Amino acid sequence: MSKTIGILTSGGDCAGLNAVMRAVVFRADSLGWKVIGIGNGTAGLLEDPLRVKVLSPADFDGFVMRRGGTILGTTNSRNPFRYTMKDGTVKDRSGEVIEALQSLGIEALIGIGGDGSFDILSRLAKQGGIHMVGVPKTIDNDLSMTDLSVGFDTAVMVATEALDRLQPTAASHDRVMILEVMGRDAGHIALSAGIAGGADVILIPEISYSIEKIAEKILRVKADGRNFALIVVSEAVKSPEGEKREVVYYGGEKRYGGIGDYLGPEIARATGFETRVTVLGHVQRGGNPTHNDRVLAQALGVKAVDLIREGDFGKMVAWQNMQAVSVPIEDAIRVCRTVALDSTLVHTARSLGISFGDS
Ligand code: F6P
């Protein structure tokens, strides 16, 4: 039976979003369904005219799947339940979003998002009786119930490449290079990139550290005859006194940033090494998705349409043991999946002699 489904991207972008959309559109087309793309997350449904576009396989020429970003646009700051109007007042516009979805005849909605977006979309689904399926994306890889989220692999690849580029210049100048990577509240990017990129020290928010222990490791590296060292630090790492390092943007909005610059002089003082800091930032979110992200994105995109076909709503598609499965959305967002201290990767790093700054 023919269906009309909607699709939107919500929250921070990452590489692989267009590949998810491509798979959804191709799979839906094979079933004879219509796909309506919604621009800028739910914010596109609050515009007049609505920011929507019918998506067909022809929109996905050979290039789109390879492109970072999202052809639909996204937002991580326009929550329809607390929407800031032009005059500064805050209004609940969730009813308008639901009405718009109904006016478009959308029978099921695919939301490609992270925890914040899924929270909003599930509330909308409950309130408006909307059938919804989620596809996990976040470079932070901190959604529960899925081994991987779209965008993580590309972010790790970018961070690893940064370490590959920092190593020769570190060696040329006898320096300690500190690379600050993203990861709001979880250290997955730092941990994987640190292992892949041969870091000497990995600092993640899950493990407390001291400058003394970092210095001990760097001085051991030096005593063993190496003239440089590489440190990866996750943006969410606090100072040893437990202070968050944040940048306050115009309007008072806070974002992580600054732990690398804090550590640079501290480590220089404690080791006598010259230090330099690189903050990788949004470079980790852009660029072409890796083949792993493209495969994951398309497997999850196809699965999302399959769930709609089966009438299995309120679910997030997830990647577990090399299979696309479905899990209740609330289970995926209940807790932020941080790095488990007894995980294989923590054990691997320690066994390779990488220090977490704690011993
Ligand atoms: O959650 C994804 C993420 O990229 C985090 O790693 C980072 O802290 C944050 O988003 C940055 O958000 P924004 O794009 O609003 O600066």
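The domain assignment gives domain 1 (4-150 + 289-320) and domain 2 (154-286 + 340-351), with bounds that come from an automatic or database domain assignment. Twelve residues of domain 1 are in contact with 13 residues of domain 2, while the centres of the two domains, taken over C-alpha atoms, sit 33 Å apart.

A quick note on what you're looking at. This is a predicted model, in which local features need pLDDT of at least 70 and side-chain atom pairs count only at pLDDT 80 or more, while totals for chains, interfaces and linings use all residues. Residues are numbered from 1 along each chain as its sequence is written, and side-chain values use heavy atoms, with hydrogens and water left out.

Now for the inside. In soluble globular proteins, nonpolar side chains tend to be buried together. A nonpolar core here is a set of buried Ala, Val, Leu, Ile, Met, Phe, Trp, Tyr and Cys residues joined through side-chain atoms within 4.5 Å. Buried means under 20% relative accessible area, exposed means over 50%, and partly exposed is in between (1.4 Å probe, protein chains only). The largest nonpolar core has 63 residues, and I5, I7 and I110 have the most contacts inside it. Helix α4 (residues 152-173) gives the most to this core, with nine residues. Helices (H or I, at least four residues) and strands (E, at least two) are DSSP runs, numbered from the N terminus. The core draws at least three residues from each of domain 1 and domain 2.

Not counting residues up to four places away in sequence, I110 touches I5, G6, I7, L8, V24, V133, V135, A304, V305 and I308. There is also a second, separate core of 26 residues, with L46, I120, L143 and M316 among them.

For the side chain of R285, the distance from an N or O atom to a ligand oxygen is 2.8 Å. On its own, the ligand has 400 Å² of accessible area, and the protein covers 86% of that; such areas come from the Shrake-Rupley method with a 1.4 Å probe, and for residues only the protein chains shown count as cover.

Stay with N76 for a moment. N76 lies in the loop between β3 and β4 (83-84), and it counts as partly exposed because its relative accessibility is 45%. N76 and G12 are 64 residues apart in sequence, yet 5.7 Å apart in space, C-alpha to C-alpha. Leaving out residues up to four places away in sequence, N76 touches G11, G12 and R255.

Over in the loop between β7 (132-136) and α4 you'll find N141. N141 counts as buried because its relative accessible area is 4%. A polar atom of the N141 side chain lies 2.9 Å from the backbone nitrogen of S149. Beyond residues up to four places away in sequence, N141 touches D147, L148, S149, F152, H188 and R337.

Most residues other than glycine have a negative phi, and most peptide bonds are trans. The peptide bond from D48 to P49 is cis, with omega near 0 degrees, and P49 is in the loop between β2 (34-38) and β3 (52-55). N40 lies in the loop between β2 and β3 and has a positive phi of about 55 degrees although it is not a glycine. N40 is buried, so its relative accessible area of 13% falls under the cut-off. D174, in the loop between α4 and β8 (175-181), has a positive phi of about 55 degrees too, and is not a glycine. D174 counts as partly exposed, at 42% relative accessibility.

Terms used: Contact means heavy atoms within 4.5 Å. A polar contact is a pair of N or O atoms within 3.5 Å; within protein, one must be able to donate a hydrogen and the other to accept it, and residues adjacent in sequence count only if both atoms are side-chain atoms.
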